[in-house]
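Here are a few exercises on helix packing and nonpolar cores. Have your viewer ready and try each task before reading its solution.

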Amino acid sequence: MKLLTPSLLVLFCFVIGGIVFKISAPRQCDGIRNDDTIFVLTGDMRRIPFAMRKMHTHPDSDLYIIGAGASNYEMAHRVKIESDSKSTYQNALAIRDIADRAGLDRIVIITTEDHMNRAKYLISHELPETEIIACPVPLVGMPPAKRLERWAVEYIKYIATMIGIKES
């Protein structure tokens, strides 16, 4: 029974942490201004179309598509593609480089809602003086078991990131 108690405590903390992780994730865009620079992280087929819809409502914004797989898109002149980064941490480094070159003090991040906490955490550590506006893509049309699996994977990656493993 004594061996079981620490295990149950760890499991309890893990489950409660997962609930807090999900509850703390942004649910909607915090507000995009017409002059904002938007960064969309690749990795899920919903992200780029969602970002393009945002561009239609904010036509003066610049959009950067960040990450591997972005090179297959033919885009408008206000859309720029960075396709070298292959992980969320590398995305954060690419965004930092672009934001520093452009002198940005405010950016908008588009990624799926399950990925937002970790992406925002990594980007905020690379750009501590920059205001980061979250604009999550909802996980609609996905079976509940798949959605739970995605949240669990992102939560585990978030924990790894918090303890210093950035390339997870």
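This is a predicted model: local features need pLDDT of at least 70, side-chain atom pairs count only at pLDDT 80 or more; totals for chains, interfaces and linings use all residues.

**Exercise 1.** Work out which orientation class describes the pair α3 and α4, and list the residues through which α3 and α4 meet.

*Solution.* 
Step 1. Helix α3 covers residues 88-102, and its axis comes within 9 Å of that of α4, with a crossing of roughly 40 degrees.
Step 2. The crossing of α3 and α4 is right-handed.
Step 3. On the α3 side, the contact is made by Thr-88, Tyr-89, Ala-92, Leu-93, Ile-95 and Arg-96, and on the α4 side by Arg-118, Ala-119, Leu-122, Ile-123 and Glu-126. Sorted by class, the contact of α3 with α4 has 7 nonpolar, 1 polar and 3 charged residues.

**Exercise 2.** Now do likewise for α4 and α5: how are these helices oriented, and which residues meet?

*Solution.* 
Step 1. The axes of α4 (residues 116-126) and α5 (residues 144-162) come within 9 Å and cross at roughly 20 degrees.
Step 2. That makes α4 roughly parallel to α5.
Step 3. The crossing of α4 and α5 is left-handed.
Step 4. Asn-117, Arg-118, Tyr-121 and Leu-122 from α4 meet Glu-154, Lys-157, Tyr-158, Thr-161 and Met-162 from α5. By class, the contact of α4 with α5 has 4 nonpolar, 2 polar and 3 charged residues.

**Exercise 3.** Is Met-162 buried, partly exposed or exposed?

*Solution.* 
Step 1. Locate Met-162 in helix α5.
Step 2. Its relative accessible area is 44%. Buried means under 20% and exposed over 50%, so Met-162 is partly exposed.

**Exercise 4.** Find which element gives the most to the largest nonpolar core.

*Solution.* 
Step 1. This core has 20 residues; among those touching the most other members are Phe-39, Ile-66, Ile-95 and Leu-127.
Step 2. Two or more residues come from each of β1 (37-41), β2 (62-66), α3, β4 (106-112), α4 and β5 (131-137).
Step 3. α3 gives the most, with 6 residues.
Step 4. A second, separate core has 15 residues, including Ala-51, Leu-63, Ile-65 and Ile-110.

Conventions: Residues are numbered from 1 along each chain as its sequence is written. Side-chain values use heavy atoms; hydrogens and water are left out. Axes are lines fitted to C-alpha atoms, for helices over the stretch in contact, and angles run from 0 to 180 degrees between N-to-C directions. Helices (H or I, at least four residues) and strands (E, at least two) are DSSP runs, numbered from the N terminus. Angles under 35 degrees count as roughly parallel, over 145 as roughly antiparallel, 65 to 115 as roughly perpendicular and the rest as oblique. A crossing is left-handed if the near helix is turned anticlockwise from the far one by less than a right angle, and right-handed if clockwise. Contact means heavy atoms within 4.5 Å. Ala, Val, Leu, Ile, Met, Phe, Trp, Tyr, Cys and Pro count as nonpolar, Asp, Glu, Lys and Arg as charged, and the others, Gly among them, as polar. A nonpolar core is a set of buried Ala, Val, Leu, Ile, Met, Phe, Trp, Tyr and Cys residues joined through side-chain atoms within 4.5 Å. Buried means under 20% relative accessible area, exposed over 50%, partly exposed in between (1.4 Å probe, protein chains only).
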